[in-house]
Amino acid sequence: MQTVLFHNTIFGPIHSRRLGTSLGINLMPNDGKICSFDCLYCEAGYNAQGPGTSGLPSRQLVAEQLETKLAAMKEAGQQLDVITFSGNGEPTLHPDFDDIIDDTIALRNKYFPAVKISVLSNATRIGKESVAQALRKVDNNILKLDSAVASTVELLDRPTGPYNVDKTIEQIASFDGQAIVQTMLTRGEHDGKAVDNTTEAEVDALIEAYKRIRPREVMIYTIDRRTPEQSLQHISRTELDAIAERIRKAVGVEVQVSG
C-alpha cells in the first residue's frame, strides 16, 4: 500500500510546481494519514493506512520546530518563497489550526517578512468560523474544487463525511475573492467505474462554479507522481492549456497551469 509522504512536522524546503521554494508544515501525524477526503490521486496514499501512532503535533512543537528551521535558513542565507501548510491529510482538521496560523505569521514576520504563507485545503472545514477567519489571514488561501458535479466528487475525492458541493461552492464564494481555487484534472477508473473531470460537461460545470466563487486565481494541474489508483492518467499540457483558455475566456480570471 502506498503510504504517507511526510515523516516530519516541518519539511523541506522543496520546489513546488505552483508556489516556488516552499517550506512545508505537516499538521497531521508523521506516521499516518488523517483526512476528510480519500482522493484517488493522493500522493500520501489512502486513509485506510490508518492514523499511525505519533498523533498530531502540538501547537508548541510546531512553533518551536518552525522557528528553529527559519532561524537556521536565515543564518545560512537560504532562499524561501513560501511557507506551505500541506502534508499527510487536511491541515484544517488540527484543533489548534487558527492559533498555529497566528504563530506562523509572527515567525514569518520575524525571520522572512517577504515570504508568503499558503494553506492547501480541501475546503471541507471552511464552514467553521475559526478556520475561515484563519484562512483570511494567510497570503494564499488555496481551496480544492476538483469537480462541481456531485457524483464526480464522490468518485474522485471520496469525502469521508457529509459533503455538499453546492454548499462548498457558496462557502468558497464567501471569501469574496480571497481564495485561490485548485483543481486536479485526471481520468481513469476505480472499482469498475469511469472517472473523468476533463469532459466538456465537467469543465462547463467548473466554469459556472468559478463564476459564482470569483476567485483571485484558478490553479489547474494533473498527476505528477505515483497515485493510489494506478489507472489515473496524466493530462497533457496541450489539453490543460486548452481547458485553461476556456476558463480564462469564460470567467475572466487568471489561470495557472501545472502539468
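Here are some numbered notes on this structure, which is a predicted model.

1. Let's start with the core. The largest nonpolar core takes in 72 residues, and Leu70 and Ile220 are those with the most contacts inside it. Apart from this core lies another, made of five residues, with Leu19, Ile142, Ile180 and Met219 among them.

2. Leu70 deserves a visit of its own. Once its neighbours within four places in sequence are left aside, Leu70 is in contact with Leu23, Leu80, Ile83, Leu107, Arg108, Tyr111 and Phe112. Leu70 is also one of the buried residues of helix 1, along with Val62, Ala63, Leu66 and Met73.

3. How are those buried residues arranged around helix 1? They cover an arc of only 105° around the axis, which puts them on the same side of the helix. On the other side of helix 1, you will find Gln60, Thr68, Glu75 and Ala76 exposed. The cover over the buried residues of helix 1 includes strand 1 (10-16), strand 2 (20-26), strand 3 (82-86) and helix 2 (97-111).

4. Helix 1 runs over residues 59-76, and at 1.5 Å a residue its 18 residues should span 26 Å; the end C-alpha atoms are 26 Å apart, so the two agree. After helix 1 comes Gly77, with a positive phi near 70°.

5. Helix 3 (residues 129-137) also has a buried set, namely Val131, Ala132, Ala134 and Leu135. Looking down the axis of helix 3, these buried residues fall within an arc of 160°, so they line one face of the helix. Helix 2, strand 4 (116-121) and strand 5 (140-144) are included in what covers them.

6. On helix 5, the buried residues are Val165, Thr168, Ile169, Ile172 and Ala173. Their arc around the axis is only 140°, which puts them on the same side of helix 5. Strand 5, helix 4 (150-156), strand 6 (180-184) and helix 6 are what the buried residues of helix 5 pack against.

7. The pairing of helix 5 with helix 6 can be looked at in more detail. Two packed helices are described by the angle between their axes and the distance between the axes. For helix 5 (residues 165-173) and helix 6 (residues 200-213), the axes come within 8 Å and cross at roughly 35°. From helix 5, Asp166, Ile169, Glu170, Ile172 and Ala173 meet Ala209, Arg212 and Ile213 of helix 6. The residues of this contact divide into five nonpolar, three charged and no polar.

8. Now for some backbone details. Most residues other than glycine have a negative phi, and most peptide bonds are trans. With that in mind, please look at Gly12 and Pro13, which are joined by a cis peptide bond with omega about 10°. Pro13 lies in strand 1.

9. Which phi value does Ala123 have? Phi of Ala123 is near 70°, a positive value in a residue other than glycine. Ala123 sits in the loop between strand 4 and helix 3. With a relative accessibility of 0%, Ala123 counts as buried.

10. Arg214 also has a positive phi, about 55°, although it is not a glycine. You will find Arg214 in the loop between helix 6 and strand 9. Its relative accessible area is 47%, so Arg214 is partly exposed.

11. Is His190 buried or exposed? His190 is buried, because its relative accessible area of 14% is under the 20% cut-off. His190 has its place in strand 7 (residues 187-190). Leaving aside neighbours within four places in sequence, the contacts of His190 are with Leu40, Tyr46, Arg158 and Glu229.

12. To finish, here is Gln230, found in the loop between strand 9 (217-221) and helix 7 (237-251). Gln230 counts as exposed, because its relative accessibility of 61% is over the 50% cut-off. How many residues separate Gln230 and Glu189 in sequence? The two are 41 residues apart in sequence, and their C-alpha atoms are 9.0 Å apart in space.

Key:
Residues numbered from 1 in each chain as written. Predicted model: local features only at pLDDT ≥ 70, side-chain atom pairs only at ≥ 80, totals over all residues. Heavy atoms only, no water. Core = buried A, V, L, I, M, F, W, Y, C linked by side-chain atoms within 4.5 Å. Buried < 20%, exposed > 50% of the residue type's maximum accessible area, 1.4 Å probe, protein only. Contact = heavy atoms within 4.5 Å. Axes fitted to C-alpha atoms, helices over the stretch in contact; angles between N-to-C directions. Helix = DSSP H or I, 4+ residues; strand = E, 2+ residues; numbered from the N terminus. Nonpolar A, V, L, I, M, F, W, Y, C, P; charged D, E, K, R; others polar. Expected span 1.5 Å × (residues − 1). Arc of directions from axis to C-beta.
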